[in-house]
Structure formats: structure tokens, C-alpha cells
Amino acid sequence: MPTMTQPQPPIFVTEPHLPPLEEFLPYLERIWASKRITNSGPFHHQLEAQLAAYLGVDHLSLFANGTLALVTALQALRIGGEVITTPYTFAATAHSLLWNNIKPVFVDIDPDTCNLDPERIEEAITPATTAILPVHCYGIPCDVERIQQIADTYGLKVIYDAAHAFGVKKGGQSILRHGDLAILSFHATKVFNTFEGGAIVCPDAKIKQRIDYLKNFGFADEVTVVAPGINGKMNEVSAAMGLLQLKHIDQALDNRAAIYRRYQQAFSGCETLRVLEAPADLDWNHAYCPLFVQADHPVSRDGLYERLKAHNIHARRYFYPLISSFPMYRGLPSAASRLLPNATRIAEQVICLPIYPSLSTDDQERLIDIVLQTAQ
Ligand SMILES: *Cc1c(COP(=O)(O)O)cnc(C)c1O
């Protein structure tokens, strides 16, 4: 019989984590019975309480997505003028500034952590600076102590884009407790999803109250509108999904850790491929598996990307191109690539490999073989 190579089914960089459908149906039945589908319903309340407890934070306010959470966090603290941020992140980080008429000021990253380099922040501060918007990139914490010290010295607010940092703990403490506010994303591609969703983590009940007004058009009660708020509310179907996800999250995180360890072991002998190393005292979430293809690797990063694609494996170059090179940012003085040498280099080296709880060992081994073949 002639051997025919079957086309392999595609493998994507991630796959949404979906609990068994039959476990979701009872939630839907309750929604249908109560006819409460949005506007701070019972599942919304339960999810806010259960998530705060799970994450180890005092308060959080649920949102329809992470981008609306970011835009609203900036509104809640009345941030304006200039905000210092990283170019090495997803588009939403900087876009949330433009949606608030704020000028982004890009500062280079530390190439080891891929996070904002605190040593470069002070030189970017001007009289117009009001806040710092760092990202815990790939779920690896920023240097939160140093950043807070700078913020205190110069009287700046700090809002963390913690879209990647669900469940991350350092020294047993949630990384989400740092900054004036921190935002989460529960998008389908994230570690924890509510189809679409997000949250603002708040240090006290007063700021949560104001954020709750802002996400509901600014309504404080039936007849009082206290701010030009937006519609950022999470609906009951998404909140129900969150409650169900929470029951499965620990297993999902364990699976991710095991997959990450296999990648780490596979590439440990290859000097021209660097895998991101998490600090020792970190409870990490293994949200991503970035691989940094060094200049002396026999195949370029884009060559590896194409090689995988030819095998129907769709890795992603997170984060390439840099935000600072997008048309709406590239004219800014801080966007020049000579000022962002680390971010520019890392963006040229990075390729994020598939990692999600249901990735099979067979698929992962096949993928590893293709990557290792480029080392010969
Ligand atoms: C996913 C993501 C966002 C946006 O979240 P959405 O829920 O998709 O709106 C913001 N910042 C970063 C760093 C992200 O990865």
C-alpha cells in the first residue's frame, strides 16, 4: 500500500480551556429561570467574591474585557498627560492610553525578564508624567518594589497591566496586590477565560465603588450619574463560565507547568535557544512559553516560525512587531528603536510555542523535534 502522509491537524499557540459542557448547562438553566442576564446579577456577585478569595486580593470589579478594564482604570484615577509604559506588550496596553488622550512614553525592557527596566524609568519622567503602566509580561512579575519607590518619590500612580499574571504569587503573596490598580484579562487565549472578560483589582472598597459606577455609565443610583462612564459590565453567562473555570483552574495550571517543564528539558542542551526562566520564589502560571532564538542559531526566528507553519503548527511572535513601531506611535520621540535596544532585539528573537492544558505529549514531542532539527 502506498504510504500517504496525512495532513496533521493544526496546533495553535493556545486553545481556550473549556470545562465539560454538561457542567455548564445547570448554570444556563438558572440564568434562563431567573431572567437575570446582566447588570450585576447573582453569578457576577459570586464570581467577584470567589475570584478575590482565589487570587488572594481584597476587592475586584469584573469587566466585559481587559481593554475596557484598562481604559476605566485610567479614568478612575484621573490619569492624564504622559504615562510611562513598555513597548513590549499587546496593543491594548498603549491603546488604552490613546483612548484616554494620554501620551505614551516608551521605556526599554530588561532583556532577562522582558519587563520595563526600572533603571530607565526616571530619565523618562517629565513635569507632565502622571503614572507608570507596566506589564507583568508572560506573567513574570515586574520589579514592583523599585517601581513603587520611583512612583512614591515622584508622586506618580502605578497601574499594572496584569493580563498575563492570573494567579501568580511571589513569596506566597499575590502579585496583583501591587500598584494603585491592576487589571486582568479573561480573554479566550488567557490562562483563565470567561469567553471574554476582565477585571480591575482594587486595594479598597471605595475605589471599587467608583469603578463600579464607571463601568455602568457612571450611574451611582437610579437618578444620579457621577461620571461619563462606559458600558464595561460582565454579563451573567460569562460570570457563570468564570465560576465553572475556577473549579478546574488548579488542574489546568498543573498541566501547563508539566508542558513547560518538558520544553525546558528539551531545549536545555541547546545554547542558541533560550527558554524564559522564572525566578525561584515564584508561583508562576506558565501562561506562555517564549523561546528566544539567538543570533547564532543555524535557523533564524522567522525561519523556525515558517518551518513550524509548514507542519501546521502555528506559533506566534509575541511581541513582534513592537507597539512603538505601529503607525499611531512611531512618531513619538520615545518610540525610536535606538532608545529601545533590548525590546527591539527581544522582539526579533521571540517565538511563543504552543502551551495549553490539553496539548498532548505526542504533539508536543513532534513539535520539539521540529525545533531541535533547526539546531543541527
Ligand atoms: C490580552 C491582553 C490585554 C487585553 O485584554 P482583552 O481582554 O483581550 O481586552 C491587555 N494587555 C495585555 C498585555 C494582554 O495580553
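Start with the residues that line the largest pocket: 13 are nonpolar, ten are polar and five are charged. Here Ala, Val, Leu, Ile, Met, Phe, Trp, Tyr, Cys and Pro count as nonpolar, Asp, Glu, Lys and Arg as charged, and the others, Gly among them, as polar. The model is predicted, so local features need pLDDT of at least 70 and side-chain atom pairs count only at pLDDT 80 or more, while totals for chains, interfaces and linings use all residues. Residues are numbered from 1 along each chain as its sequence is written, and side-chain values use heavy atoms, with hydrogens and water left out.

**Stop 1: the largest pocket**

The largest pocket holds about 580 Å³ of space. Select Phe90, Ala91, Lys190, Tyr318 and Phe319, which are the closest to its centre among the 28 lining residues. A pocket is found on a 1 Å grid over the protein atoms alone, as an open set of points with protein on both sides within 12 Å along at least five of seven lines; a cavity is a set where a 1.4 Å probe fits but cannot get out, and lining residues have an atom within 4 Å of a point. Grid points are joined across faces, edges and corners, and a volume is the space filled by probe spheres set on the points.

Next, colour helix 3, helix 4 and strand 9 (181–185), each of which supplies at least two residues of this lining. Helices (H or I, at least four residues) and strands (E, at least two) are DSSP runs, numbered from the N terminus.

**Stop 2: the ligand**

Show the ligand, which sits in the largest pocket; to sit there, more than half of its atoms must lie within 2 Å of the pocket's grid points. Helix 3 (66–76) and helix 4 (91–98) are the elements that give two or more residues to the shell around the ligand. That shell has three nonpolar, nine polar and two charged residues.

Which of the 14 residues around the ligand come nearest? They are Thr67, Asp161, His164, Ser185 and Lys190; a residue is near if one of its heavy atoms lies within 4 Å.

Pick three of these in turn. An N or O atom in the side chain of Thr67 is 2.6 Å from an oxygen atom of the ligand. For Asp161, a polar side-chain atom lies 2.7 Å from a ligand nitrogen atom. For His164, a polar side-chain atom is 2.8 Å from an oxygen atom of the ligand. The ligand taken alone exposes 380 Å², and the protein buries 93% of that (Shrake-Rupley method, 1.4 Å probe).

**Stop 3: the cavity**

The structure holds one cavity of 30 Å³ or more, and the largest cavity contains about 60 Å³ of space. Select its lining: Val13, Thr14, Thr189, Ala287, Tyr288, Tyr318, Cys352, Leu353 and Ile355. Seven of these are nonpolar, two are polar and none is charged.

**Stop 4: backbone details**

Go to Tyr318 and Phe319, joined by a cis peptide bond with omega of about 10°. Phe319 lies in the loop between strand 16 (313–314) and helix 9 (341–349). Pro321 is also in the loop between strand 16 and helix 9, and a cis peptide bond with omega of about -5° joins Tyr320 to Pro321.

Finish at Asn101, in the loop between helix 4 and strand 4 (103–106). Asn101 is not a glycine, yet has a positive phi of about 60°.

Terms used:
Polar contact = N/O pair within 3.5 Å; in protein donor to acceptor, adjacent residues only side chain to side chain.
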